[in-house]
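Student: I am new to this structure and would like to go through it step by step. Please show it first.

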Amino acid sequence: MDIQEIEREVASLIEGIILTRVDDDALLIESGLIDSLSAVDVALAVERRFGCKIPPTEIDLHLESVKVLAAYIAEHSRN
């Protein structure tokens, strides 16, 4: 799976949780699109879909944007 496919899937996954369209570069937590509860939901969904666990202490770092999260998944995914 290439990075663009991962970005599309990550955006879709996040949009399904927060029920709002997100751009690949949108600052997810900083802008308020994702709060602490939805951040946990996203982290769990990423783990289920990609087999990639985000350490709890690093969630805010990796959920900066769709692109940042997709890059993390590409590097750490088991799929």
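Student: What is the accessible surface of the protein chain, and what share of it belongs to carbon and sulfur atoms?
Tutor: This is a predicted model, in which local features need pLDDT of at least 70 and side-chain atom pairs count only at pLDDT 80 or more, while totals for chains, interfaces and linings use all residues. Residues are numbered from 1 along each chain as its sequence is written, and side-chain values use heavy atoms, with hydrogens and water left out. Accessible areas come from the Shrake-Rupley method with a 1.4 Å probe, and for residues only the protein chains shown count as cover. The surface of the protein chain comes to about 4700 Å², and the share of carbon and sulfur atoms is 51%.

Student: Which pattern does the protein chain follow along the sequence?
Tutor: Helices (H or I, at least four residues) and strands (E, at least two) are DSSP runs, numbered from the N terminus. The protein chain has four helices and zero strands. Read along the sequence, its pattern is α-α-α-α.

Student: Is Ser65 buried or exposed?
Tutor: Ser65 lies in the loop between helix H3 (59-62) and H4. Leaving aside neighbours within four places in sequence, Ser65 is in contact (heavy atoms within 4.5 Å) with Asp24, Asp25, Ala26 and Leu28. Its relative accessible area is 5%, so Ser65 is buried.

Student: Why is Val68 called partly exposed?
Tutor: Val68 belongs to helix H4 (residues 66-76). Not counting residues up to four places away in sequence, Val68 touches Leu61 and His62. Val68 is called partly exposed because its relative accessible area is 28%.

Student: Which ring does the charged end of Arg49 sit over?
Tutor: A charge sits over a ring if NZ of Lys or CZ of Arg is within 6 Å of the ring centre and within 35 degrees of the ring normal. The charged end of Arg49 is 4.7 Å from the centre of the ring in question, that of Phe50.

Key
Buried means under 20% relative accessible area, exposed over 50%, partly exposed in between (1.4 Å probe, protein chains only).
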